[in-house]
Amino acid sequence: MRAFLRHIGIDYSGAETPDAALKGLCVYLAENDRPPAEVPPPPSPRRYWSRRGIAEWLVERLADDIPTLAGIDHGFSFPLRYFEAHGLALDWPAFLDDFQHHWPTGEDHVYVDFVREGVYGNGAARVGDPRWRRLTEKRAGRAKSLFHFDAPGSVAKSTHAGIPWLRHMRQRLGARVHFWPFDGWEIPLGRSAIVEVYPALWTHGFAREGRNDHQHDAYCVAAWLRQAESSGTLPSFLKPSLSPAERSAADIEGWILGVA
């Protein structure tokens, strides 16, 4: 029996404001046995998605009764060193609240760089060292630190822009959606789930077929999730090989689906 009937891939961007239409935001959806297809933003004069628009669209999709697995390309949490440095409880929901307080990047007109520069929020009280990496990033090999801003291939800005929207969706959806692995490494049957992904793991495994980089990243996420579901390998990826100590760390730091 298939656990998920829909698979969603999202290539993310931390540029500009939550309501800005960004070329770097892209969504692909695979339903049942059909290959992934690009999902355009709601009809409007704007050609591209905004971060707010994607969050609201996901809330609508995940609120219905169709089990859905959505992969988003940004970090969901920070290394344990961050929690230790700032004296934070090892609790992911509390982390989301604390981050929102200091980095209000989900609010109107707020750029990530505005918080970095001290114009909004209090980001200076919640900074991380670019040398800090989560266990999953070390295992992935090429994945950069979530505090490594302004570097090619970095997801630092996307992460700092995206975390408040995880909190938003969690508040809106409650127990209807499982945030993996923070809500547990095993996703209950019939429940939709949101997972962190790293498209670079999979982009070379699928033909580009005229897609630009953002389209191809989102396509590959949806295609890989669908493929792993169909082949029966998804459950093994949801339970990576970790020691008890590593699993305890990943309970707080999170994990990139597909990293062994």
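Which residues in H1 meet Ala161, Trp165, His168, Met169, Arg172 and Leu173 in H6? Arg51, Arg52, Ala55, Glu56, Leu58, Val59 and Leu62 do, where contact means heavy atoms within 4.5 Å.

## Basis of the report

This is a predicted model, in which local features need pLDDT of at least 70 and side-chain atom pairs count only at pLDDT 80 or more, while totals for chains, interfaces and linings use all residues. Residues are numbered from 1 along each chain as its sequence is written, and side-chain values use heavy atoms, with hydrogens and water left out.

## Packing of H1 and H6

Helix H1 covers residues 51–62, and helix H6 covers residues 156–173. Helices (H or I, at least four residues) and strands (E, at least two) are DSSP runs, numbered from the N terminus. Two packed helices are described by the angle between their axes and the distance between the axes. For H1 and H6 the angle is about 30° and the axes are 10 Å apart. Axes are lines fitted to C-alpha atoms, for helices over the stretch in contact, and angles run from 0 to 180 degrees between N-to-C directions.

The two helices H1 and H6 are therefore roughly parallel (angles under 35 degrees; over 145 is roughly antiparallel, 65 to 115 roughly perpendicular and the rest oblique). Their crossing is right-handed, that is, the near helix is turned clockwise from the far one by less than a right angle. By class, the contact of H1 with H6 has 8 nonpolar, 1 polar and 4 charged residues. Here Ala, Val, Leu, Ile, Met, Phe, Trp, Tyr, Cys and Pro count as nonpolar, Asp, Glu, Lys and Arg as charged, and the others, Gly among them, as polar.

## Nonpolar cores

In soluble globular proteins, nonpolar side chains tend to be buried together. A nonpolar core is a set of buried Ala, Val, Leu, Ile, Met, Phe, Trp, Tyr and Cys residues joined through side-chain atoms within 4.5 Å. Buried means under 20% relative accessible area, exposed over 50%, and partly exposed in between (1.4 Å probe, protein chains only).

The largest nonpolar core has 48 residues, and those with the most contacts inside it are Leu58, Ile72, Phe78, Tyr82, Phe95, Met169 and Ile194. H6 gives the most to this core, with 7 residues. A second, separate core of 33 residues includes Ile187, Ala193, Tyr198 and Val259. Leaving aside residues up to four places away in sequence, Phe78 touches Phe83, Phe95, Phe99, Arg134, Leu146, Phe147, Thr159, His160, Ile163 and Glu253.

## Loops and backbone features

Most residues other than glycine have a negative phi, and most peptide bonds are trans. In the loop between strand E5 (177–179) and E6 lies Pro181, joined to Trp180 by a cis peptide bond with omega about 0°.

The loop between helix H3 (92–102) and helix H4 (112–116) holds His109, whose phi is positive, near 70°. His109 is exposed, with a relative accessible area of 61%. Glu107 is found in the loop between H3 and H4 and is partly exposed at 41%. Glu107 touches Pro18 and Gln100, not counting residues up to four places away in sequence.

The loop between strand E6 (192–196) and helix H7 (213–231) contains Thr203, which is buried at 17% relative accessibility. Beyond residues up to four places away in sequence, Thr203 touches His216, Asp217 and Cys220. Glu209 lies in the loop between E6 and H7 and is exposed at 63%; its phi is positive, near 50°.
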